[in-house]
Amino acid sequence: MSPWTLLYLVLCLEPHFLIGDNRWTCLQGKRGVWIKLPIELVTLVEHAVKEGFYYHHAEPKYLMLVNWLPGTANTIPANATHRVGIGAFVINERNEVLVVQEKSGRFRGTGVWKFPTGVVDEGEDICDAAVREVKEETGVNAKFVEILAFRQSHKSFFDKSDLFFVCMLQPLSFDIQKQDAEIEAAQWMPFEQYAAQPFVHGHELLRYISDICSAKLEGRYTGFSSVPTVTSFSEKNTYLYMNGNVRTNSRGNP
């Protein structure tokens, strides 16, 4: 069986599309053709591209290709546009903040003490990611309290946009067992000492974050707590991050 014949059979599994005269004809009001090509059929990519398909996105086990059929503006949604990360502000009752020095990346060898940070995994909630990253990097168990702030930037990793959430956590344990692979050192540091670092003072974003954390400690700032909820669209459990001072009927308030 030739590669093109196999590709034809794959596409014929979708009854709404036909191939004729080397052009795609759309039935039943369909305007776009998607091919989710498993890694085992990677040799068919060239043949699909010659028929007008182009890459949409890729995952470890498949490549998604798409072809817009009508001669109008393409309205196929773009691939995922953002990466989501967290920074964990973990503060104990002595006003000491949990900080780390990294073994790699831009902070390697700089002597800078920073909050534990990391990327939210696929299917992971922001609040859970913050707890996980703290545990992985420092061995400290912690409880999510609030999202204090977030930053959006563009043209970051792989030219994607980036969302970074600053999360406040309450420590549930205090003994540090650093992650040897990524963390050079970890310690509890007086918050004032962290905020006084020249690196923090020299970067506007870090000064803002430091000021927000300070205001939170002084009771002058309220962030966004995680409220479990379910949407009527999917009936999946999810979180709404909201100001805890808001009184709503959904939370049992009058």
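1. Lys-178 comes out as partly exposed, at 31% relative accessibility (buried is under 20% relative accessible area, exposed over 50%, partly exposed in between, with a 1.4 Å probe and protein chains only). The side chain of Lys-178 meets that of Asp-180 in a salt bridge, 3.0 Å from N to O (a side-chain nitrogen of Lys or Arg within 4 Å of a carboxyl oxygen of Asp or Glu). Asp-180 itself is exposed, at 52%.

2. A quick word on the basis: this is a predicted model, where local features need pLDDT of at least 70, side-chain atom pairs count only at pLDDT 80 or more, and totals for chains, interfaces and linings use all residues. Residues are numbered from 1 along each chain as its sequence is written, and side-chain values use heavy atoms, with hydrogens and water left out.

3. The salt-bridge count is 12. One of them joins Glu-218 and Arg-220, with the closest N and O atoms 2.7 Å apart; Glu-218 is exposed at 51%, and Arg-220 is exposed at 55%.

4. Now look at Glu-124 and Arg-132: their salt bridge has its closest N and O atoms 2.7 Å apart, and both residues are buried. They belong to a salt-bridge network together with Asp-121, Glu-133 and Glu-136.

5. On to the sheet: three strands run in the order S3-S5-S4, open and antiparallel (strands are DSSP runs of E, at least two residues, numbered from the N terminus; two strands pair if DSSP finds at least two bridges between them). S3 (32-38) and S4 (54-59) are the edges, each with a single partner strand, so one side of each lacks a neighbour in the sheet. S4 pairs with S5 (residues 62-68) over five bridges, and Tyr-54 has Val-66 in S5 as its bridge partner.

Definitions and conventions
Helices (H or I, at least four residues) and strands (E, at least two) are DSSP runs, numbered from the N terminus.
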